[in-house]
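Work through the exercises below. Try each task before reading its solution.

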Amino acid sequence: MALVKCRRFPGCVCGAPPRLAVIRLHVNQQLPGRTWEDWAPTARTSSTDTRTAAPLMLLKPLGHQALRGPSAHSAAQRAACWNVESCARPRGHSSLCHPAYRVGSIGSTSSSRRVLTTSSALLGLISSRAPASKASPLKPGSPGALKADEEGVEVFDSFEEPRVFLRLRPEYQLHSYNKAEPCQPLSVSESKLILHKVRVHGESLQPRTIADHLCRLSAVPAEQRPVLRSSASFALLCQLSVKNIQLLDVPELIRIMKAFVDLGIPHSHPLLDVYETRFCHKVWEMRVDQLLLVADLWRYLGRRAPRFLKIFFSYLNLHWKDLSLSQLIHLIYIIGESRQAPPDLMQKLESLILKYIDSISLEEAGAICLGFFKSSSSLSEFVMRKIGDLACADMQHLSSYALVNILKMFRFTHVDHVSFMKRFGQVAPQRIPALGVQGVMHLTLACSALRVLDEGVLNAVAASLPPRVAYCRSKDVAKFLWSFGTLNYKPPNAEELYSSLVSEIHRKMPEFNQHPEHLLTCLLGLAFAGHFPGELIDLALSPGFIRLAQERSQFELTKELYTLDGSVGVECPGYTGSRLSSHLQQEGAAMLWNSARKDMTSKPEFLEALFLLETVLGGPQYVKHHMVLPHTRSSDLEVQLDADMKPLPFNREATPTEGGAAFKLKHVGVSLTEDLMSQLLGGKSGGRGYGETESQTGQRPVEVERAGAAGPLGTSLHRVMGGAGATEVAAPGPPACVRAPHVKLAVQLTNRNQYCYGSRRLLGLHHMKRRQLGRLGYRVVELAPWEWLPLLPRTRLEKLAFLHEKVFSAAL
């Protein structure tokens, strides 16, 4: 038996789903002294793995035999895919311009390597609904049986599972291909007779006869297909089909496509280029059922066929109203699998979903959500609420796979369906132990994205993860840590959970080198929860890893690096490892400040809070809008008070400058003498300052309210209260040496998106920010949305009194 360590490549399409029972049988036949459980794949191993390496067994691709023994290389050559070459075809010309193709040698080295290639679909490490104990020969309760159950949970057929809905209605049979349809088998002698006819008659064969021969040959037993594909007579038959392709009608072309699927023709086969081009020319002559069937056959072949789909979608833009329910669902599936989504067509399909919404089954609703999610197409809030109503009405009969897909779409659209999430919280904990880790990851990530903190769900996730963390990909580890950190939740087994996930980061470091953004996601999720693994942080902030992240990742990671670096600087005073360069720190700070400033200054409730706070304290020089902790991605209003609880004019940006006075004097009939100016600049006034007045008397600023509306933001004046009324004087600038503040306040105007849904529990990033502000000696003054927003329509006096109480009560 040839054992191969397999790697998964993103974007690879494999035409062969895993078959767990077949693999077990194959292993037990070839290695009678070992059981399936001895060789079952547990995870990709790496050179850094300190555990015993569990080799990943080569799974048997569709139409190929697993190669073993000393002659494996020659067998691979005999079983390799066809190489169809054009006769000096000019680049960019249509394949149909040169219909006479020469079928060349089959045994090339490159094609033989493709026999040994597998993808993530074959490894079957995705979420599963398969019963864990199915076909297990072991005694229940034994350690081996428990291991088999665990592995059975992780087996997932990534090809067939999304197609379950096609078995729900008989109408789907009209426009989908069922590979399991029974057909009359063809014996070896009959296949040899057909190939003999091809050799003898050759060029004289009629197009219909060519199609008939291909269809009959596709019924040969699976073990004979590699031999058939390596036959020169079969190569000649394929050449003749290409030569006569323009004489074949649509039904014959479809029959040949079905034969190609059964024979396991590789998706990259140049022969298929010719057929795709021919179907492109035939789109406008075909019915919707035929077009969907052809698209389904391309899917079975593992080929996206972008040219054909582009014309097909253009056709549907004119005929979308004629789609039946089964055609609509199947089309959405095709769109999702191809990742092609014309926005105008998707809007039309959404209107059809509403038309059929009362007739859609639960599994079809899951197929709709998956198709829109994979094609990055959004559904309206109204449609998502309809789907949510449909799902929560009968969720106990909704498959876990469909449930995950619906949650993906809720995550994508950010629609809050309270009834759905409540019902989900009742159903999910019982299903999580029988769900593969990738399915569990999607459930957890959906809770995080929707800000739904359901302790029952998260406790079930946390309990199920440590025993099977080896099945996680680097992405899964990252999303689990991010989700628990974002929701600011520590389950009962938090120590065990975090220990197992951090250990898995070390073991999967080669994967993180391929996807550096996942390592940063892990470390940020850990930072939210207050964990800072020094060795991993040192690696993530090292110049080599930063260069790797900038080169390999498709994401801009400067902000993530800056957030991690800033958090380490505040919370890990003893850390001596790598730190971000000053250049990247400045770049990250600028990016985050620009974003935060635009966000806050676009909110009327923030602008009013800023202006009124300046009024309460005595002017803009007493308040500074900036990012107290730039790496935490949100800005605050900083206020500083001295030992007497009086505001300090620390905001130098609001003081007079050499280029011109920032504060202008306005004559209101009061003579400004040198004595008066010296008193004002020295902090001594005939009347008490506003801060002193309120901090000592506790009275509401009635005089401020009577004085009328203040000037615009950045005004240069503040009111000096006197016994006879308010007098406008110049705002004092800060003295040459500003006294050190006794109290530093960070006034935060928060919004509901910073809390878990329906609660007052801060999310991880904002909880971390509060924790770090406390470490730096700040007191947080929170203007919570449930307090500040209801005050906005109230009188100005009430708002000033509220801000005064907030600031000075926090300072005590």
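**Exercise 1: a cavity**

About 80 Å³ of space lies in the second largest cavity. This is a predicted model: local features need pLDDT of at least 70, side-chain atom pairs count only at pLDDT 80 or more, and totals for chains, interfaces and linings use all residues. Residues are numbered from 1 along each chain as its sequence is written, and side-chain values use heavy atoms, without hydrogens and water.

Task: find which helix gives the most to the lining of the second largest cavity.

Solution: 
1. A cavity is a set of points on a 1 Å grid over the protein atoms alone, where a 1.4 Å probe fits but cannot get out; lining residues have an atom within 4 Å of a point.
2. The lining has 12 residues; closest to the centre are Glu161, Pro162, Glu363, Ala367 and Tyr401.
3. Helices H17 (362-374) and H19 (400-413) each supply at least two lining residues. Helices are DSSP runs (H or I, at least four residues), numbered from the N terminus.
4. H17 gives the most, with four residues.

**Exercise 2: a loop residue**

Solution: 
1. Asn493 sits in the loop between helix H23 (474-486) and helix H24 (494-507).
2. Leaving out residues up to four places away in sequence, Asn493 touches Ala462, Ala463 and Pro466. Contact means heavy atoms within 4.5 Å.
3. Pro466 and Asn493 are 27 residues apart in sequence and 9.6 Å apart in space, C-alpha to C-alpha.

Notes: 1 Å grid on protein atoms, 1.4 Å probe; cavity = no way out; pocket = protein on both sides within 12 Å on 5 of 7 lines; lining within 4 Å. Points joined across faces, edges and corners; volume = space filled by probe spheres on them.
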